[in-house]
Amino acid sequence: YGYEDKMKRILLGLLCALPLAAEPLTFERLISSVETEPAVQAGEKKRKAIQSGTSTKLWNSLELQYKLDGFGFMEHDFELRFKPKVFGEGSSTEEYWKAQSSYQQSRANFYRSFLVYERYERALRYLTQKRKQQLHLDMAAVNKDRLEVLHLKSGSETFNPENLISALERESELQAELIADSNALRDIEMKFHSWVDFDSVALDTSFLPKISDIETLLKEPLLVDDTYSAVAMAKQKWNVESKQYEQEKTGSNKIISSIGIGYKHSFGSYEYDSVKTGTYSYDYENKVAVADKKWEITRKDDDRRTRDKFYASLTLRLPFFGTDGGDETKRQLDVLEAESDYLDEKRSITQKVARLREETLALIAQRNVQKNFVERVDAGDVFKEFAARSGSDPLLLLRARDVSLESEIKALQLEYEIYSRYLILLDYAGKLASPDISTHFKLEK
């Protein structure tokens with residue numbers, strides 16, 4: 001019993017050590033992988049740093065100064081000095097940090113939108129390539145039927161060797177296309193694995209809007225406003241420069257630079273005086289006065305005493321003789337340059353959106369032509385026309401089927417181009433930055 005119990009524990013430990021099976025790749029998992037991107041994490045750190053830097057302070061700085069007079073350690077000077085804020089400086093500083101926070105948020109939305117767009121575009125490319133691979137397989141099956149018909153007709157009077165050669169060439173072309181499809185799908189899956197781990201791909205086209213809905217939306221021009229991600233970032237950058245200029249301009253009006261309260265402590269020192277001492281005598285023999293005198297150092301005050309005092313200091317700023325005019329002009333130029341960048345970005349995005357709208361509508365018109373032809377083939381109208389003209393010649397019927405598949409591939413490629421441009425429009429509009437995936441494809445005017 002002990003041996004069996006031990007083996008069970010060993011097997012249970014091995015099973016726990018095995019890696020868990022990866023889940024299928026869904027759009028929810030694909031889009032949620034954006035949170036692990038360095039750009040998103042860096043933006044979150046900046047946001048937290050800005051929140052910690054917006055605390056309200058009663059003064060600009062508070063300092064404690066200490067001065068020692070000489071190396072005799074007899075005098076010690078302590079002073080508490082603080083630099084007061086100008087009236088309105090606190091509110092201007094708060095407005096600046098709010099603008100900085102909004103700017104960092106717009107930057108985060110810009111990069112997040114691009115990262116989400118990159119994943120949607122790669123998923124769209126994968127689904128398009130998967131569908132194209134299936135159409136190539138269908139075309140290979142049609143070409144195989146054509147080869148069988150040509151082999152059966154090889155001994156008849158209507159046999160044309162050129163048709164057989166064309167069919168063999170077509171077979172080689174389709175094999176190359178299928179190899180290219182497999183390589184493309186493998187490359188896309190490798191890119192998926194760089195974002196998230198999975199064991200199978202569970203993506204479908206249900207997330208895409210209808211082509212007819214996109215056409216209806218784009219019939220009227222799109223109005224580019226400040227909610228578009230790149231425009232919003234440029235607008236917030238302009239706002240940051242403006243608030244910083246207002247903050248510095250408020251600070252330049254400062255008259256009182258600093259106010260201090262000090263305490264000076266001095267140890268008492270002895271005071272000394274030079275005293276002249278000595279005796280006088282007269283030498284009668286030589287008739288000369290003789291003086292026996294000398295100087296002595298005597299202490300005038302025998303008591304040690306201290307001399308302490310409190311004092312206040314005030315530092316005034318004289319703006320009339322300063323050289324801050326150049327800095328203020330430079331700051332004004334920074335504000336004007338940021339405004340110019342905002343207007344240029346808005347004009348550029350407006351032009352890009354207008355061009356994408358025109359291109360998308362043109363592609364939709366081409367796609368509708370191709371789809372109409374495919375629908376005619378699927379309904380059997382084209383087959384009936386071919387049958388009436390050829391007397392039910394199987395080669396012509398196979399050719400009609402092949403033409404239908406080629407048109408379907410062209411329509412598929414046009415749909416990819418349409419959705420790709422629509423994704424770019426969503427990226428410009430900042431819709432992809434929303435954490436709610438269900439709102440990503442709702443582009444409103």
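Modeller: Let us begin with helix length: the expected span of a helix is 1.5 Å times one less than its number of residues. Please bear in mind throughout that this is a predicted model.

Colleague: How many residues does α10 have, and what distance does α10 reach from its first C-alpha to its last?

Modeller: Helix α10 contains 36 residues, and its first and last C-alpha atoms lie 52 Å apart, close to the expected 52 Å. Just after α10 comes G430, with a positive phi of about 75 degrees.

Colleague: How many helices and strands does the protein have?

Modeller: There are 10 helices and six strands. The chain has 445 residues, of which 32% are buried. The accessible surface amounts to about 28400 Å², with 55% of that area belonging to carbon and sulfur atoms.

Colleague: Among contacts between residues at least 6 apart in sequence, what percentage join residues at least 24 apart?

Modeller: The share is 79%.

Colleague: Why are D344 and R347 separated by about one helical turn?

Modeller: Because they are three residues apart in helix α8, which covers residues 325–379, D344 and R347 are about one helical turn from each other.

Colleague: Which residue forms a salt bridge with R367, and at what N to O distance?

Modeller: The partner of R367 is E415, at 3.1 Å from N to O. This pair links distant parts of the chain, since R367 belongs to helix α8 and E415 to helix α10 (residues 394–429), 48 residues apart.

Colleague: Are R367 and E415 buried or exposed?

Modeller: Both R367 and E415 are buried.

Colleague: Which residue forms a salt bridge with E417?

Modeller: E417 is paired with R421, the closest N and O atoms being 2.8 Å apart. The two residues lie in helix α10, four residues apart, or about one turn of the helix. E417 has 24% relative accessibility and therefore counts as partly exposed.

Colleague: Let us turn to aromatic rings. How is a pair described, and how many aromatic pairs are counted?

Modeller: A pair of aromatic rings is described by the distance of the centres and the angle of the planes. The count here is 12 aromatic pairs. F192 and W195 form a tilted pair, 6.3 Å centre to centre with 45 degrees between the planes. They are three residues apart in helix α5 (residues 161–195), and are therefore separated by about one helical turn.

Colleague: Are F192 and W195 buried or exposed?

Modeller: F192 is buried, with a relative accessible area of 0%. W195, at 12%, also counts as buried.

Colleague: What sits over the ring of W195?

Modeller: The charged end of R119 does, 4.4 Å from the centre of that ring. Elsewhere among the aromatic residues, F27, Y120, F207 and F441 form one cluster.

Conventions:
Residues are numbered from 1 along each chain as its sequence is written. This is a predicted model: local features need pLDDT of at least 70, side-chain atom pairs count only at pLDDT 80 or more; totals for chains, interfaces and linings use all residues. Side-chain values use heavy atoms; hydrogens and water are left out. A salt bridge is a side-chain nitrogen of Lys or Arg within 4 Å of a carboxyl oxygen of Asp or Glu. Buried means under 20% relative accessible area, exposed over 50%, partly exposed in between (1.4 Å probe, protein chains only). Rings of Phe, Tyr and Trp (its six-membered ring) pair if their centres lie within 6.5 Å; planes under 30 degrees apart count as stacked, over 60 as edge-to-face and the rest as tilted. A charge sits over a ring if NZ of Lys or CZ of Arg is within 6 Å of the ring centre and within 35 degrees of the ring normal. Contact means heavy atoms within 4.5 Å. Accessible areas come from the Shrake-Rupley method with a 1.4 Å probe; for residues, only the protein chains shown count as cover.
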